[in-house]
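This report describes selected structural features of one protein chain.

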Amino acid sequence: VIGATPLPMPPTTSRPHQQLAAATLRESIVVLGHTDIAASDVDWRRESGERNVMDRRHYPTLSSGGVSVVCDHVGGDWRYGYLPATRLSTDSLQRFMRVLDHTYSELAESDHFVLATTTADIRAAKRDNKVAFIICLEGASPLQNEISYLRNFYKLGLRCVGLTHDVRNEVLKVHLRELKRL
């Protein structure tokens, strides 16, 4: 997303079609279903002392593309690293909690992003010309086989979990054992 520019309309597109496309985009909720903004950029930049990273570096591109919602992978399977953030050596739970803290700080400072935990939050963000930010995990390693962690992460705003990403984790191993048993 960083540095992307909107593509111009093809020269054969008539003006009414351009107007219809622009109106449709303005009225629609546009969702980026997979971003790594917090884990791959915000984390190491905040650790390096930068602030307001999402507004400065990400909002201009997202808004020019008409994006209403980002589903951002704030953490996940720790072996799947983001450079240069991987220089910050921690396990998956510690990393998720640190990036989540940075995410909340960014949201508190932001003029353009808001946390979304419900569809009403998404609609309100669209109405207010803000980008709804949905907290996701790309791999369930931070759960460490504790269902109580999932309940607590939900209370902290987590709304989307991919069970595994790129590597086997304990959650996947448990499910594979259960499938073999059946």
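Two strands are taken to pair if DSSP finds at least two bridges between them. Helices (H or I, at least four residues) and strands (E, at least two) are DSSP runs, numbered from the N terminus. The model is a predicted one, in which local features need pLDDT of at least 70 and side-chain atom pairs count only at pLDDT 80 or more, whereas totals for chains, interfaces and linings use all residues. Residues are numbered from 1 along each chain as its sequence is written, and side-chain values use heavy atoms, with hydrogens and water left out.

**Strand pairing around β2**

Strand β2 pairs in the parallel sense with strand β4 (residues 131–138) over 7 bridges. Within this pairing, L137 in β4 stands opposite G75. Strand β1 (residues 31–35) also pairs with β2 in the parallel sense, over 3 bridges, and T35 has D72 of β2 as its bridge partner. Strand β2 is mostly covered, with 8 of its 8 residues buried; buried means under 20% relative accessible area, exposed over 50%, and partly exposed in between (1.4 Å probe, protein chains only).

The loop between α3 (53–64) and β2 (69–76) contains S68. This serine counts as buried because its relative accessibility is 3%. Leaving aside residues up to four places away in sequence, S68 touches S28, I29, V30, K126, K130, V131 and A132, where contact means heavy atoms within 4.5 Å.

Side chains of opposite charge can pair when their charged atoms come close. A salt bridge is defined here as a side-chain nitrogen of Lys or Arg within 4 Å of a carboxyl oxygen of Asp or Glu, and a search of the whole structure finds 9 of them.

| Salt bridge | N to O distance |
|---|---|
| D43 with R95 | 3.5 Å |
| D43 with R98 | 2.6 Å |
| R46 with E109 | 3.1 Å |

In the bridge between D43 and R95, with N and O atoms 3.5 Å apart, D43 lies in helix α2 (residues 37–47) and R95 in helix α4, so the pair ties together parts that are 52 residues apart in sequence. Both D43 and R95 are buried. The side chain of D43 also meets that of R98 at 2.6 Å, and this pair links helix α2, which holds D43, to helix α4, which holds R98, across 55 residues. D43 has a relative accessible area of 0% and is therefore buried; R98, with 15%, is buried as well.

For the bridge between E109 and R46 at 3.1 Å, E109 is in helix α4 and R46 in helix α2, so the parts tied together are 63 residues apart in sequence. E109 is partly exposed at 32% relative accessibility, whereas R46 is buried at 7%. A network of salt bridges that share partners joins D41, R45, E50, R56 and R57.

Helix α4 (residues 92–109) also contains E106. This glutamate counts as buried, at 1% relative accessibility. Apart from residues up to four places away in sequence, E106 touches V42, R46, R51, N52, V53 and M54.

**The second largest pocket**

A pocket is found on a 1 Å grid over the protein atoms alone, as an open set of points with protein on both sides within 12 Å along at least five of seven lines; a 1.4 Å probe is used, and lining residues have an atom within 4 Å of a point. The second largest pocket has a volume of about 220 Å³. Of its 13 lining residues, those closest to the centre are S63, G66, V67, K126 and N129. Two or more lining residues come from each of α1 (15–27), α3 and α5 (119–127), and α3 gives the most, with 3 residues. The lining divides into 5 nonpolar, 5 polar and 3 charged residues. In this scheme Ala, Val, Leu, Ile, Met, Phe, Trp, Tyr, Cys and Pro count as nonpolar, Asp, Glu, Lys and Arg as charged, and the others, Gly among them, as polar.

**Positive phi angles**

N129 is found in the loop between α5 and β4 and has a positive phi of about 60° although it is not a glycine. At 62% relative accessibility, N129 counts as exposed. N145 likewise has a positive phi of about 60° without being a glycine. N145 lies in the loop between β4 and α6 (147–155) and is partly exposed, with a relative accessible area of 43%.

Methods:
Grid points are joined across faces, edges and corners, and a volume is the space filled by probe spheres set on the points.
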